[in-house]
Amino acid sequence: MQRQYFTTRSDCKGCPLKESCLGKKQKEKKIDITYYREEYERAIERLDSRRARWMKKKRSSTVEPVFGTLINYMGLSKINTRGILSADKKMLMAAAAYNLKKWINFCQSRRKTAVLIAPVGAINTLFWLFLVKIDLTGKFRSSWC
């Protein structure tokens, strides 16, 4: 929702910005001003503060790399599942994979001489614990159903 103002060339006679605003051939100028101008100005003022710059830097170093990795390297640009529950499971699996990858890198950097069999075994164990549940009857049941 906007309010529109129209001005003619004669309205701008003494203005020093006349040439840059109207140009040489344009006869009138249309100006659109939104009804929410005060709110926009307050938001812009808030974004120019020291705290807002700190929060933006903090977000860009913590949250955005995670989403960038999930989208670009783990194939989450689209979630091709039916239903919220299936999409939720896919996001949980992607988050678990991301966290396990970070954990493996963290463990490798702490122990340079460690054999990589233990983390891979841990990943397989966690994968099967998440994927397959045991019923009270002792039968295996997939949690994806």
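A residue is called buried when its relative accessible area is under 20%, exposed when that value is over 50%, and partly exposed in between. Keep in mind throughout that the model on your screen is a predicted one.

Of the 145 residues in the chain, buried ones make up 11%. The chain exposes about 13000 Å², and carbon and sulfur atoms supply 60% of that area.

Next, select Thr7, which has its place in strand β1, residues 2-8. Is Thr7 buried or exposed? Its relative accessible area is 15%, and because this is under the 20% limit, Thr7 counts as buried. If you leave aside the neighbours within four places in sequence, you will find Thr7 in contact with Cys12, Lys27, Glu28, Lys29 and Ile31.

Now move to Thr69 in helix α4, which spans residues 64-72. Thr69 is buried as well, with a relative accessibility of 17%, and, not counting residues up to four places away in sequence, Thr69 touches Met74 and Tyr98.

For the next stop, look for charged side chains that meet: the structure holds three salt bridges. Select Arg37 and Glu41, whose side chains form one of them, at 3.1 Å from N to O; these two residues are four apart in helix α2, so about one helical turn separates them. Then select Arg42 and Glu39, where the closest N and O atoms of the salt bridge are 3.8 Å apart, and where the two residues, three apart in helix α2, are again separated by about one helical turn. Within this pair, Arg42 is exposed at 52% relative accessible area, whereas Glu39, at 40%, is partly exposed. Finally, select Arg59 and Glu64, whose side chains meet in a salt bridge at 3.0 Å from N to O; Arg59 is partly exposed at 42%, and Glu64 is partly exposed at 40%.

To finish, select Met1, Tyr35, Tyr36, Tyr40 and Ile44 together, and you will see a nonpolar patch on the surface, with about 630 Å² of accessible area between them.

How values were computed:
Residues are numbered from 1 along each chain as its sequence is written. This is a predicted model: local features need pLDDT of at least 70, side-chain atom pairs count only at pLDDT 80 or more; totals for chains, interfaces and linings use all residues. Side-chain values use heavy atoms; hydrogens and water are left out. Patches are made of residues with over 30% relative accessible area and no salt bridge: like charges are joined within 9 Å, nonpolar side chains (Val, Leu, Ile, Met, Phe, Trp, Tyr) within 5 Å. Accessible areas come from the Shrake-Rupley method with a 1.4 Å probe; for residues, only the protein chains shown count as cover. A salt bridge is a side-chain nitrogen of Lys or Arg within 4 Å of a carboxyl oxygen of Asp or Glu. Buried means under 20% relative accessible area, exposed over 50%, partly exposed in between (1.4 Å probe, protein chains only). Contact means heavy atoms within 4.5 Å.
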